[in-house]
Amino acid sequence: MAWALQFDGGNDLVNIASPVTIGFGNDGSISVPFKRTDTSNGQALFGDQSGTNNICQILNASQVFFRVNGSSVTFNLTASLILDGEYVFKLKRVSNTWSLVDEFDSSLAPETVGNNNTVTINQIGAFNGGTLFHGRMDGFIVEELGTELQSLINTTGTGSTWPDSVGSADGSLVSFPTDD
């Protein structure tokens, strides 16, 4: 049996103790499987605990905003998000160009952004402690050059950590119930 985190949109978020990083100029991807249960605009999928340099935010049903260390892009989705729809967003950097694709590497938006800067993520379901996600998240996977750096997925059903199946940078759950 697999478990997921249900974010209430009010005060739930995951802090990663040891931030995960895709290095300068390296190819990599950030995958987020999710189901949105509220249509509020501005919900964050992930970001930075102390700023707005590395964030991914659902602006509305047809736009996703992504900023990486000074460069940003608003992705205009080819199909609008629907309430309770299940999605896998993958932000993928190849040859210093970021794009938004699905789990099959099919484009979800025509826009791209060029940026070879280091990407550091240490908060899931929020950035800078705000703009909170409302829905279910089934995992969070960061890869660099084809090697998994972080794979946060809850398989135990406990409400204190979201275990990293790759390393030891477990996520600390904030304001989640004690039993998922």
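The questions and answers below concern the chain shown above.

Visitor: What kind of model is this, and how are residues numbered?

Guide: This is a predicted model, in which local features need pLDDT of at least 70 and side-chain atom pairs count only at pLDDT 80 or more, while totals for chains, interfaces and linings use all residues. Side-chain values use heavy atoms, with hydrogens and water left out, and residues are numbered along each chain, as its sequence is written, from 1.

Visitor: How many helices and strands does the chain have?

Guide: Helices (H or I, at least four residues) and strands (E, at least two) are DSSP runs, numbered from the N terminus. By that count, the chain has zero helices and 16 strands.

Visitor: Which residue in β16 is the bridge partner of Ile16?

Guide: Strand β2 (residues 13-22) and strand β16 (residues 171-174) are paired in the antiparallel sense, over four bridges. In β16, the partner of Ile16 is Gly171.

Visitor: What radius of gyration does the chain have?

Guide: The radius is taken over C-alpha atoms, and the globule rule is 2.2 Å times the number of residues to the power 0.38. For 180 residues, a compact globule would have a radius near 16 Å. The chain agrees with this, at 15 Å.

Visitor: Is Asn69 buried, exposed or partly exposed, and why?

Guide: Asn69 lies in the loop between β6 (63-68) and β7, and its phi is positive, near 40°. Most residues other than glycine have a negative phi. Buried means under 20% relative accessible area, exposed over 50%, and partly exposed in between (1.4 Å probe, protein chains only). Because its relative accessibility is 28%, Asn69 counts as partly exposed.

Visitor: What is the phi of Asp105?

Guide: Asp105 is placed in the loop between β9 (97-101) and β10 (113-114). At 37% relative accessibility, this residue counts as partly exposed. Asp105 is a residue other than glycine with a positive phi, near 65°.

Visitor: What percentage of the residues in the chain are buried?

Guide: The C-alpha atoms fill a box of roughly 40 × 35 × 30 Å along the principal axes. Of the 180 residues in the chain, the buried share is 46%.

Note on methods
Two strands pair if DSSP finds at least two bridges between them.
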